[in-house]
Amino acid sequence: MIEVRAIRPGEGALLREVRLAALAANPGAFLETYDEVAADSDDLWAARVGASTGEGDQLILLALEDGRAVGMAGIARDIGQRRRHRATLWGVWLDPACRGRGVGRRLVQEALDWAARAGVRAVYLEVVENEDPSWSLYGRLGFVRREVDPFGAHVDGTFVALERLVLVLDEAA
Ligand SMILES: CC(C)(COP(=O)(O)OP(=O)(O)OC[C@H]1O[C@@H](n2cnc3c(N)ncnc32)[C@H](O)[C@@H]1OP(=O)(O)O)[C@@H](O)C(=O)NCCC(=O)NCCS
């Protein structure tokens, strides 16, 4: 049974482990590299966790199986009165051994539920163009493709196109 819950203070090492596992397993799916993230200090991981328990403007969800973090999803609200209606989803990942059982969807749905409760109106994210698993997940949750940036990432000397997706939670002004 895989549990999905908000990260708790003191879980910096757990977050580091799952984020590095994601970057090692699926380096092409994310904009940060393993080496960049591996260099982050323990204090930085602790600060990230402290800001991401869902009580403020950020949330990180963990998927846990027998105490081991096997997946994660992050969501961060924009700052400032005129931008607070927006949030960005990031870092959605599930250990390959745990995929295809609805856990990825649970992670994203819980992040969206948190955003809706906080009054967020529109949720954005960027995905690598034509990436089928993530498009299946987000498309079925109601995200639509807004634009493609052909120069979204630069990987090993080659540009990688990124699609910007948006889910409007509440269009009312
Ligand atoms: C994307 C990811 C999180 C999905 O996790 P998951 O737990 O396997 O997904 P779920 O089981 O919840 O499936 C969600 C939906 O996506 C579809 N899906 C999942 N994997 C798929 C695949 N490989 N190909 C096509 N569709 C797929 C499922 O059919 C499901 O839709 P349905 O319930 O309507 O049938 C996982 O594949 C992953 O970590 N990929 C690598 C990292 C990544 O691409 N992250 C997103 C970057 S923002």
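Val166 counts as partly exposed because 16 C-beta neighbours lie inside 10 Å; on this scale, a residue with 20 or more other C-beta atoms within 10 Å of its own is buried, one with 12 or fewer is exposed, and partly exposed residues fall in between, with C-beta atoms placed from the backbone. The model is predicted, and local features need pLDDT of at least 70, side-chain atom pairs count only at pLDDT 80 or more, and totals for chains, interfaces and linings use all residues. Residues are numbered from 1 along each chain as its sequence is written.

Val166 lies in strand β7, where strands (E, at least two residues) and helices (H or I, at least four) are DSSP runs numbered from the N terminus. With residues up to four places away in sequence not counted, Val166 touches Ala122, Val123, Tyr124, Phe143, Val144 and Arg146; contact requires C-beta atoms, placed from the backbone, within 7 Å. The C-alpha atoms of Val166 and Glu126 are separated by 8.9 Å, although the two residues are 40 apart along the chain.

Strand β7 belongs to an open sheet of 7 strands with mixed pairing, in the order β1-β2-β3-β4-β5-β7-β6; two strands pair if DSSP finds at least two bridges between them. From one strand to the next, the twist averages 25°, with axes taken as lines fitted to C-alpha atoms and angles running from 0 to 180 degrees between N-to-C directions.

Within this sheet, strands β2 (residues 58–65) and β3 (residues 68–77) run antiparallel and are joined by 8 bridges. Ile60 has Gly74 of β3 as its bridge partner, and Leu64 stands opposite Ala69 in β3. The hairpin of β2 and β3 has 2 residues between the strands, and Asp66 takes a positive phi near 50° there. Asp66 counts as exposed because it has 8 C-beta neighbours inside 10 Å. A positive phi of about 50° also occurs at Asp156, which is not a glycine. Asp156 is placed in the loop between β6 and β7 and, with 5 C-beta neighbours inside 10 Å, counts as exposed.

Strand β3 is also joined to β4 by 6 bridges, and these two strands run antiparallel. Met72 has Trp93 in β4 as its bridge partner. Of the 10 residues of β3, 8 are buried, so the strand is largely enclosed by the rest of the structure.

The largest nonpolar core has 35 residues, and those with the most contacts inside it are Leu61, Leu62, Met72, Ala73, Leu89 and Ala111; such a core is a set of buried Ala, Val, Leu, Ile, Met, Phe, Trp, Tyr and Cys residues joined through C-beta atoms within 7 Å. At least two residues of this core come from each of α1 (12–25), β2, β3, β4, α4, β5 and β7 (158–168). Leu61 touches, among others beyond four places away in sequence, Val4, Met72, Ala73, Leu107 and Ala111.

The ligand is surrounded by 21 residues, of which the closest are Arg99, Gly104, Arg105, Pro133 and Ser136; a residue is near a molecule if its C-beta atom, placed from the backbone, lies within 6 Å of it. Each of β4 (86–94), α4 (103–118), β5 (122–128) and α5 (132–140) supplies at least two residues of this shell, and the largest share, 6 residues, comes from α5. By class, the shell has 9 nonpolar, 6 polar and 6 charged residues, where Ala, Val, Leu, Ile, Met, Phe, Trp, Tyr, Cys and Pro count as nonpolar, Asp, Glu, Lys and Arg as charged, and the others, Gly among them, as polar.

How values were computed. Contact = placed C-beta atoms within 7 Å.
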